[in-house]
Amino acid sequence: DYELPELDGLGVIAELRKDPATRAVPVLLNTAARISLTDIQKADGFLKKPFPEALLYEMLERVQRTRRVQR
């Protein structure tokens, strides 16, 4: 989530991207808050809360497909 209390979603993404072991882990960012396009682009996918369960699964599949193509 973009708005986690101690380490927000952007901080999590930054930590994952710094470590070679987790750099390629796909990240799906979500929030109910306003967020800039620049911040959205730091993740592999984005969902605005609330979202239907079907959309979550669709986005997860899309992110996984994109990551496979990039390899």
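Predicted model: local features only at pLDDT ≥ 70, side-chain atom pairs only at ≥ 80, totals over all residues.
Ala32 is exposed, at 53% relative accessible area (exposed is over 50%, buried under 20%, partly exposed in between, using a 1.4 Å probe and protein chains only). It sits in the loop between β1 (28-31) and α2 (37-40); helices here are DSSP runs of H or I with at least four residues, strands are E runs of at least two, and both are numbered from the N terminus. Setting aside neighbours within four places in sequence, Ala32 touches Lys48 and Lys49, where contact means heavy atoms within 4.5 Å.

Residues are numbered from 1 along each chain as its sequence is written, and side-chain values use heavy atoms, leaving out hydrogens and water.

Lys49 also has a cis peptide bond to Pro50, with omega near -10°. Most peptide bonds are trans. Pro50 belongs to the loop between β2 (45-48) and α3 (53-70).

Now the charged pairs. The whole structure holds five salt bridges, meaning a side-chain nitrogen of Lys or Arg within 4 Å of a carboxyl oxygen of Asp or Glu. Among them are these:

| Pair | N to O distance |
|---|---|
| Glu15 and Lys18 | 3.1 Å |
| Lys42 and Asp39 | 3.3 Å |
| Arg62 and Glu58 | 2.9 Å |

Glu15 and Lys18 are three residues apart in helix α1, about one turn, while Arg62 and Glu58 are four apart in α3, also about one turn. Asp39 is buried at 13% relative accessibility, whereas Lys42 is partly exposed at 43%.
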